[in-house]
Amino acid sequence: MFEQVPDRIRTEIPSAPKLSDETFVLLRDFIYSKTGIYFPEKKKYLIEGRLGKRLQLLNISQFEHYLQLLKYGQQRETEFESLCNIVTINETSFFRNEAQMNAFQQKLACEILSKKNYGSRILRIWSAACSSGEEPYTLAMLCLEHLKPRFPDLHVEIIGTDINTAVIEMARAAEYSHYAIRSLPELYVKKYFDNTNGIYRLRAEVKELVRFEYKNLINHQTMRQMTHFDFIFCSNVLIYFDQQAKIQVIGDLYDSLNRGGYLFIGSSEMLHRITNAFKLVSFPKTTVYKKE
Ligand SMILES: C[S@@+](CC[C@H](N)C(=O)[O-])C[C@H]1O[C@@H](n2cnc3c(N)ncnc32)[C@H](O)[C@@H]1O
């Protein structure tokens, strides 16, 4: 026979909260104003599903109350961090855009470094919206593999930034699954990773070229602190922004570049109708944007 559970200790599993169209618009506008990420109506299900779980965890029954917490709650800053960790899409991989990496490694990095004087060859690279670190670490491995032998005095500084603190922690840990290294050429796996029981740990010589920071691309103040970069990779994040946010972010990235520096964006992204400040430089299967 089952024991009878007294009413006072019987826990109810709260049902998933419903998101009305009006509150979706308010929540969507809040997220947009703070991050530049714009959720169209067809993505309402995503907000309702993902954030609904967060509400259940916090024991909040209505999205309206959650919005109040985000705007005016004592914990609004930490809740904003959780919100970003929940709503961002962090898909990435090593060597995600091979054509770009070839243009960087075979031509553009050498062009930039040849113009710097021997003894002061510092290459500054920013991977903006780097997710769990695959892009900046790909660049670090390329520098070690191809640029260091050619420029022995080279000093590489790579900064990876993102708005999602959970992926930044993953990037700092630099431990990857077999699935995560699927697109890496064997040479790089053997030379730059230690494999223990299926966990691939990046070696110190790669890790030490990259540091990670929290940075919100839509925050003009923090963007202004990012200066003197030879290369900026800002891939597969503009797609989540609307036109106005794209114009703001691209304008700030332009200011962050050195003259003669290059901006790389995702293969499905374009700067058409956003800016004409850059010179377009074509490579096989990719276009790169130069600040002249
Ligand atoms: C799809 S991933 C792209 C990762 C990598 N750049 C690549 O191309 O593989 C998009 C990343 O942009 C970040 N992101 C979204 N909005 C951002 C913002 N306002 N500031 C900084 N990072 C942001 C997300 O957290 C996510 O990790």
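Mentor: Two strands pair if DSSP finds at least two bridges between them; strands are DSSP E runs of at least two residues, numbered from the N terminus. This is a predicted model: local features need pLDDT of at least 70, side-chain atom pairs need 80 or more, and totals for chains, interfaces and linings use all residues. Residues count from 1 along each chain as its sequence is written, and side-chain values use heavy atoms, without hydrogens and water.

Trainee: Which residue in β5 is the bridge partner of Phe-193?

Mentor: β4 runs antiparallel to β5 (residues 199–202), with four bridges joining them. Asp-194 is bridged to Arg-201 in β5. For Phe-193, the partner is Leu-202.

Trainee: Which residue in the turn between β4 and β5 has a positive phi?

Mentor: The two strands form a hairpin. Two residues lie between them. The one with a phi of about 50° is Asn-197.

Trainee: Which residue takes a positive phi in the hairpin of β9 and β10?

Mentor: β9 (residues 279–283) and β10 (residues 286–290) run antiparallel, joined by five bridges. Within that pair, Leu-280 faces Tyr-289 of β10. Two residues separate the strands. Phi is near 65° at Lys-285.

Trainee: How many charged residues are in the shell around the ligand?

Mentor: The ligand is surrounded by 22 residues (a heavy atom within 4 Å). Thr-92, Arg-96, Ala-129, Asp-162 and Asn-236 are the closest. By class, eight are nonpolar and nine polar. The charged class (Asp, Glu, Lys and Arg) numbers five.

Trainee: How far is an oxygen atom of the ligand from an N or O atom in the side chain of Asp-162?

Mentor: A polar contact is a pair of N or O atoms within 3.5 Å. A backbone N or O atom of Thr-35 is 2.8 Å from a ligand nitrogen. A polar backbone atom of Leu-217 lies 2.9 Å from a nitrogen of the ligand. For the Asp-162 side chain and a ligand oxygen, the distance is 2.5 Å.

Trainee: How much of the ligand's accessible area does the protein cover?

Mentor: Start from the ligand on its own, with 610 Å² of accessible area (Shrake-Rupley, 1.4 Å probe).

Note on methods: Polar contact = N/O pair within 3.5 Å; in protein donor to acceptor, adjacent residues only side chain to side chain.
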